[in-house]
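This briefing goes through the packing of one protein chain, topic by topic. Please keep the sequence and the 3D view at hand while reading.

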Amino acid sequence: MEQENVIIIGSGIAALQLAKNLRHDLNVIIITKSKLLSGNSNMAQGGIAAAIDALDSPKNHYEDTLEAGRYHNNAAVVEAITAAGPFLIRELMAQGCAFDHNSNGMLKLGLEGAHSKKRIVHSGGDATGKQVMNFLSYSLQKNIVLKENRLAYELLIDHQANRCYGVKVKRTDGGIETYMANHIVLATGGCGQLYSYTSNAASVCGDGIALAYQAGARLADMEFMQFHPTLLYINGRARGLVSEAVRGEGGKLVTENGFKIMEGVHPLKDLAPRHVVSQTIYSYLQQKQPIYLDISGVTRFAFRFPTIAQLCKDNGVDLKSKRIPVVPGSHFLMGGVCTDLYGRTNIKGLYAIGEVARTGVHGANRLASNSLLEGLFFGKQLAGYLNKQDACTAMMPPATTEIELYEDNVKLKLPTTSEIQKTMMDRVGIVREEADLLRQKEWLSNYNTEWSLSQLSIEQIQTIFMIITSKLITSAALIRTESRGGHYRTDYPAETKSWLAKTVIQTKKKDDIHEQTEIAVAT
């Protein structure tokens, strides 16, 4: 059993920004499910949104974020993060992080969907995530200890004190390790792998959501899943992301015969909010009409988008045709663990930052390139808070702890990963309706998730976490009887005033395997 000051679970941009900015006298461990640089942040092709241009302003960025989020956002949090954007970019530049500049030596700013101004800062063209993650990882100090290939499967909670004091993890060889600290931070990302088509890394299965839920943390906005409009689509499978920046540079979505599908659908056409574009593409695919991204209007495509060009080449797409076959896929969870402006949850000593957190910044639909900005902002916010705390010894466990009893060789009845992904895509995906949601809720209820996880394999634990997170999304989608942002229901196709300021909040009942749900005024 190891004792530290801070434990960070996850290794994306929020986690590394936090670790980089923590005091050097703190003992810090980063626990990651795979390798340090194998998550979503490292794969991010888009850039970082920040109102840097003289013709732009944080107020414009604020208004665009609210519009994309369909005014379900926490306005105070949006104001804080958009105001901080320019400073965060300039700070990284001053520290040595390289960003793309134009021939005049000014930052090269791109345009993406639902943005009213060019404000997307890139590094390495379409490799911003990789570049920034490399910079942050090189900046980590010697007080940071990295533990790779370990799945965090249980948060240790002193329920009497309502405090998190540790975490149990399982190694790939089946060994179990326990870590204790004053501060436990969830930075595990979202849950894109719940769906058959996704841009997410293979490790992003909703682990942090399930961990927090099982521990008694409050969750909110789980019905709001963003589907990115353009994933490379080859032989019935999504093969990788085709950045929205391609449409920002002139790419158009077309049918086989060249019809531009976004004409007349939204004033911003191909750069409409992601849920609008995804739903439009989905409607054509349902009619067996394949959709392509026409790149004939993009100047020097392979130079501007080298990562995407290589992705196409690796999958046999001839860029001379000027068309890339695309399909929408799960991309980003707007909901998650409820936190305040410093990442604090309703459980003392437990924090959440990045995509696993629900801060209210994204509302019902995330504005493009606000995710890396969110990670940078909340990583630094939490670091500032923790740096002011006493660097005392780790929390000791409560005087009485529950003894874990279980039988060896328990045979679990669990679905396959592909079964979860297919049913979620078909029933709780881009377009939803009550009958499908009820069918999925019933199907998921067939699987018991209340097991002593220590005896199970990593694969079994991950499947259980996927079931828990799927149940939360499905239940929330049933409750919200309207369409807003990333949540679209054919039986309730319009936004309604009665839902405008309301949030679906889910927590696990104490001494009960069922969830309790409340409808609260959004904050």
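A residue is called buried when its relative accessible area is under 20%, exposed when that area is over 50%, and partly exposed in between, as judged with a 1.4 Å probe on protein chains only. The model is a predicted one, in which local features need pLDDT of at least 70 and side-chain atom pairs count only at pLDDT 80 or more, while totals for chains, interfaces and linings use all residues. Residues are numbered from 1 along each chain as its sequence is written, and side-chain values use heavy atoms, with hydrogens and water left out. Helices (H or I, at least four residues) and strands (E, at least two) are DSSP runs, numbered from the N terminus, and contact stands for heavy atoms within 4.5 Å.

**Nonpolar cores**

- A nonpolar core is a set of buried Ala, Val, Leu, Ile, Met, Phe, Trp, Tyr and Cys residues that are joined through side-chain atoms within 4.5 Å.
- The largest such core has 69 residues, and those touching the most other members are Leu155, Val167, Tyr195 and Ile473.
- Helix α14, which covers residues 458-479, gives the most to this core, with twelve residues.
- Apart from this core lies another one, of 48 residues, which has Ala19, Ile81, Leu107 and Leu136 among its members.
- Beyond residues up to four places away in sequence, Tyr195 touches Met225, Phe227, Ser330, Gln421, Met424, Met425, Val428, Gly429, Arg432 and Ile473.

**Helix packing around α14**

- Helix α6 (residues 207-215) packs with α14 at an angle of about 75°, their axes being 8 Å apart; axes are lines fitted to C-alpha atoms, for helices over the stretch in contact, and angles run from 0 to 180 degrees between N-to-C directions.
- This angle makes α6 roughly perpendicular to α14, since 65 to 115 degrees counts as roughly perpendicular, under 35 as roughly parallel, over 145 as roughly antiparallel and the rest as oblique.
- On the α6 side the contact is made by Asp207, Ile209, Ala210, Leu211, Tyr213 and Gln214, and on the α14 side by Gln462, Phe465, Ile468, Thr469 and Leu472.
- By class, the contact of α6 with α14 has seven nonpolar, three polar and one charged residues, where Ala, Val, Leu, Ile, Met, Phe, Trp, Tyr, Cys and Pro count as nonpolar, Asp, Glu, Lys and Arg as charged, and the others, Gly among them, as polar.
- In helix α13 (residues 434-444), the buried residues are Asp436, Leu437, Gln440, Trp443 and Leu444.
- Seen down the axis of α13, these buried residues fall within an arc of 125°, so they line one face of the helix; the arc is that of the directions from the helix axis to the C-beta atoms.
- The buried residues of α13 pack against α12 (417-427) and α14.

**The enclosed helix α5**

- Helix α5 (residues 128-138) is largely enclosed by the rest of the structure, because eight of its eleven residues are buried.
- Those buried in α5 are Thr128, Gly129, Val132, Met133, Asn134, Phe135, Leu136 and Ser137.
- The elements that the buried residues of α5 pack against are α1 (13-21), α2 (40-43), β3 (48-49), α4 (75-95), β5 (120-121) and α11.

- Phe378, which lies in helix α11 (residues 370-387), is buried, with a relative accessible area of 1%.
- Leaving aside neighbours within four places in sequence, Phe378 is in contact with Val77, Ile81, Asp340, Leu341, Ile353 and Thr359; the C-alpha atoms of Phe378 and Ile81 are separated by 8.6 Å, although the two are 297 residues apart along the chain.
- Leu16 belongs to helix α1 and, at 0% relative accessibility, counts as buried.
- Not counting residues up to four places away in sequence, Leu16 touches residues including Met133, Leu136 and Ser137.
- Ala49 lies in strand β3 and counts as buried at 0% relative accessibility.
- Ala49 and Ala368 are 319 residues apart in sequence but 7.7 Å apart in space, C-alpha to C-alpha.

- Arg70, in the loop between α3 (58-68) and α4, has a positive phi of about 55° although it is not a glycine, and it is buried at a relative accessible area of 18%.
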